[in-house]
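Here's a quick briefing to read alongside the model. Grab your viewer and follow along.

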Amino acid sequence: MSVKNSRKVDSWDVKDRDGRIIREGDTIVDFRGEEAEFVRVQRYPRPGKQALIHAKYPDGWEHDYYASVFGLIVQEGGEE
């Protein structure tokens with residue numbers, strides 16, 4: 001059985017507004033200017049769906065957010 005538009009992506013990059021690679025534990029800044037810790041990608045982007053990331057704020061609040069809340073881009077590729 002084949003699946004339309006299905007393709008395997010071996011690696012993903014998470015980049016900030018300036019194109020820097022973001023890794024687990026890095027500090028990211030939301031649209032309000034508040035800092036949080038990048039934990040992981042929760043859902044990779046696909047047609048019609050934005051990427052979700054998991055972030056943790058200093059007060060202990062953890063949640064999934066759209067990558068755009070932090071100005072992040074999740075894209076297929078490998079480290080440069």
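Helices (H or I, at least four residues) and strands (E, at least two) are DSSP runs, numbered from the N terminus. Keep in mind that this is a predicted model, where local features need pLDDT of at least 70 and side-chain atom pairs count only at pLDDT 80 or more, while totals for chains, interfaces and linings use all residues. Residues are numbered from 1 along each chain as its sequence is written, and side-chain values use heavy atoms, with hydrogens and water left out.

**Overall numbers**

- Of the protein's 80 residues, 30% count as buried (buried is under 20% relative accessible area, exposed over 50%, partly exposed in between, with a 1.4 Å probe and protein chains only).
- The accessible surface is about 6,000 Å², and carbon and sulfur atoms own 46% of that (areas are from the Shrake-Rupley method with a 1.4 Å probe; for residues, only the protein chains shown count as cover).
- Take the contacts (heavy atoms within 4.5 Å) between residues at least 6 apart in sequence: 38% of them join residues at least 24 apart.

**Nonpolar core**

- In soluble globular proteins, nonpolar side chains tend to be buried together.
- Here the largest nonpolar core has 16 residues, and those with the most contacts inside it are Ile 28, Phe 38, Ile 53, Phe 70 and Leu 72 (a core is a set of buried Ala, Val, Leu, Ile, Met, Phe, Trp, Tyr and Cys residues joined through side-chain atoms within 4.5 Å).
- Strand 3 (35-43) and strand 4 (52-56) each supply at least two residues of this core, and strand 3 gives the most, with three.
- Beyond its neighbours within four places in sequence, Phe 70 is in contact with residues including Ile 28, Ile 53, Tyr 57 and Tyr 65, as well as the charged Arg 17 and Asp 30.

**Salt bridges**

- Side chains of opposite charge can pair when their charged atoms come close.
- How many salt bridges does the structure hold? There are four, each being a side-chain nitrogen of Lys or Arg within 4 Å of a carboxyl oxygen of Asp or Glu.
- Asp 16 pairs with Arg 20, with the closest N and O atoms 3.0 Å apart, and Asp 16 is buried at 13% relative accessible area.
- Asp 16, Asp 18 and Arg 20 are linked in a network of salt bridges.
- Arg 32 bridges to Asp 30 at 3.2 Å, N to O, and also to Glu 34, with the closest N and O atoms 3.5 Å apart.

**Val 14**

- Val 14 lies in strand 1 (residues 12-15) and is buried, with a relative accessible area of 7%.
- Residues up to four places away aside, Val 14 touches Arg 20, Ile 21, Ile 22, Phe 38, Val 41, Leu 72, Ile 73 and Val 74.
- Val 14 and Gln 75 are 61 residues apart in sequence, yet their C-alpha atoms are 6.6 Å apart.

**His 54**

- Buried or exposed? His 54, in strand 4, is buried, at 10% relative accessible area.
- Its side chain makes a 3.0 Å polar contact with that of Glu 62 (a pair of N or O atoms within 3.5 Å; within protein, one must be able to donate a hydrogen and the other to accept it, and residues adjacent in sequence count only if both atoms are side-chain atoms).
- Not counting residues up to four places away, His 54 touches several others, among them Glu 37, Phe 38, Val 39, His 63 and Asp 64.
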